[in-house]
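Biologist: I'm new to this one and would like a close look at a single part. Could you take me to the place where the ligand sits, and give me some bearings on the chain along the way?

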Amino acid sequence: MSNVADQALLRRTFAIISHPDAGKTTLTEKLLLFGGAIQLAGTVKGRKATRHATSDWMALEQQRGISITTSVMQFPYKDRIVNLLDTPGHEDFSEDTYRTLTAVDSALMVIDAAKGVETRTIKLMEVCRLRDTPIISFVNKLDREGRPPLELLDEIEKVLGLQCTPITWPLGMGREFKGVYHLLEDRFYLYSGDKHRISEIETVDGLLSPGLGDRFGQSYQTLRDEIELLQMAGTEFDLDKYRAAKLTPVFFGSAISNFGVRELLNGFVEWAPPPQPRATDARDVEPTESKFSGFVFKIQANMDPKHRDRVAFLRVCSGAYRRGMALHSVRLGGPVRISSALTFMASDRETVEEAWPGDIIGLHNHGNIAIGDALTEGETLRFLGIPNFAPELFRRVVLRDPLKAKQLNKGLDQLCEEGATQVYRPLTNNDIILGAVGTLQFDVVQFRLRDEYNVESSFEPVSVHCARWVDCPDPALFNAFVDKNETRMARDHYGDLVYLASSSVNLSMTRERHPEVRFLDTKEHA
Ligand code: G4P
């Protein structure tokens with residue numbers, strides 16, 4: 001089948017969002033196991049590296065590159081092609097995570113049953129909300145003592161503002177965990193606690209099936225009471241509301257014991273949206289269009305330490321990618337030469353012959369592809385909704401050898417285009433100020449400047465509290481604002497003006513004094 005519309009309809013492209021330690025890595029692995037993409041548990045590694053100290057982490061990155069195979073994982077499941085996009089585990093690289101979320105059509109949220117909704121999840125949900133990304137929830141670690149399930153749903157509703165519809169419901173918890181009841185199928189799936197293989201799961205049909213009370217005692221009674229409460233609350237599943245990101249179907253399980261994961265995956269492939277239309281500055285691009293288009297949401301460097309290669313990850317938005325086709329870079333206004341593109345099966349990367357809307361392809365990149373780039377067959381359009389987020393940490397770059405200024409600038413420009421850091425050049429002096437979301441980002445930049453550009457640098461503290469992109473509909477007022485605040489103004493890598501506030505008080509006072517100016521904490525990629 002090679003019709004664009006048919007191929008697009010088969011695709012389900014998603015990412016997992018969670019707070020560290022909730023079980024994202026474990027669930028990823030189990031999804032691949034159930035998807036038949038890997039044979040054995042213990043194959044998905046990589047994120048463990050994030051638990052090491054910075055120096056170890058850097059050495060690890062060097063030794064084996066960031067594990068590419070866990071960046072995008074494609075596997076077929078029930079007549080669908082599932083694309084699972086991985087997001088960095090370490091908070092310091094959350095910008096990467098935010099951008100990855102712009103490339104998916106839905107997300108899966110993992111919540112630790114004992115901890116409930118945690119800070120990182122809240123932040124990631126905010127990003128999902130920017131595009132109304134539909135969310136399916138998985139409450140994990142039911143094999144351990146956790147919080148009452150009703151309380152967890154209540155928290156999701158209150159904190160994340162998502163209406164919850166339980167699809168499965170736990171029968172007991174912790175040592176008393178006996179399984180889950182599937183509300184739509186009216187069937188119990190019983191838990192054996194086997195962590196090591198996908199064992200046959202015993203099922204019992206019917207909530208009121210005889211003998212369950214004797215077999216499961218108080219856990220069964222509690223489940224009956226809770227189901228009754230849920231039915232009274234009227235939380236039926238509504239596909240439209242889920243797709244509109246108003247409602248989240250909730251599954252319970254224990255990823256480590258392979259339990260509840262198959263039901264989750266079945267629900268996911270049935271309900272998750274296929275590739276969606278994408279807004280551009282020119283028009284909406286439909287996935288079913290025959291002409292190819294896509295955008296770059298992530299660049300990964302040093303995938304292969306021997307070859308200094310960089311791979312740009314492109315989300316196909318419309319049409320078909322075919323090996324050898326000529327691609328047009330909208331930013332550069334001309335053709336980009338792509339020797340070959342990669343596709344990602346769970347355990348391998350291989351050259352791709354063709355790719356369809358929803359798929360992610362990896363393009364070898366020699367510095368001519370930047371984050372946010374649109375690649376087309378010639379049409380000029382810019383995909384919207386791939387934001388730059390205002391960084392929270394700032395450093396001034398100090399160059400050890402002044403003769404290396406050119407290399408430094410080249411390196412920083414490139415690292416900026418890869419999304420590794422943000423660079424600000426003040427209007428009134430020659431400083432170079434770097435912005436990042438987490439300190440590890442600075443370490444990586446320093447390391448890569450030395451390793452790839454032969455530039456020794458150090459970074460020192462600078463009195464910048466936050467950066468805000470500024471604009472104003474009235475050019476005269478805007479110029480007056482810029483003149484008045486010249487010493488706190490800078491240009492970012494793309495030439496846009498930024499106000500570098502020295503403190504939150506400074507920012508709010510400047511805002512008050514200039515109500516005509518907009519101070520923005522996100523900016524669309526150029
Ligand atoms: P993350 O990617 O979200 O950070 O989480 P990860 O899967 O690495 O899981 C975090 C810890 O939680 C791991 O334990 C993992 O084994 C455990 N875990 C994941 N799912 C479940 C579950 O369903 N039940 C229970 N009881 N534990 C679960 P760890 O001790 O930190 O690492 P490890 O030594 O087990 O690899």
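Modeller: A quick term before we start: two strands are said to pair if DSSP finds at least two bridges between them. Keep in mind that this is a predicted model. Strand β7 (residues 168–171) makes a handy example: β7 and strand β8 (residues 179–182) pair in the antiparallel sense, with 4 bridges. In that pairing, Thr 168 stands opposite His 182 in β8. Both faces of β7 are covered, with Thr 168 and Pro 170 buried on one side and Trp 169 and Leu 171 buried on the other. Those strands belong to a chain that has 13 helices and 33 strands. Of its 526 residues, 56% count as buried.

Now for the ligand. It has 17 residues around it, and the closest are Asp 21, Lys 24, Thr 25, Thr 26 and Asp 143. Helix α2 (residues 24–34) gives the largest share of that shell, 3 residues. Sorted by kind, the shell holds 7 charged, 6 polar and 4 nonpolar residues.

Let's go down to atoms. Thr 26 has a polar side-chain atom 2.5 Å from an oxygen atom of the ligand. For Asn 140, a polar side-chain atom lies 3.0 Å from a ligand oxygen atom. Gly 23 uses its backbone instead: a polar backbone atom there is 3.0 Å from an oxygen atom of the ligand. As for cover, the ligand on its own has 700 Å² of accessible area, and the protein covers 71% of that.

Terms used
Residues numbered from 1 in each chain as written. Predicted model: local features only at pLDDT ≥ 70, side-chain atom pairs only at ≥ 80, totals over all residues. Heavy atoms only, no water. Helix = DSSP H or I, 4+ residues; strand = E, 2+ residues; numbered from the N terminus. Buried < 20%, exposed > 50% of the residue type's maximum accessible area, 1.4 Å probe, protein only. Near = heavy atom within 4 Å. Polar contact = N/O pair within 3.5 Å; in protein donor to acceptor, adjacent residues only side chain to side chain. Areas by Shrake-Rupley, 256 points an atom, 1.4 Å probe, with all protein chains shown as cover. Nonpolar A, V, L, I, M, F, W, Y, C, P; charged D, E, K, R; others polar.
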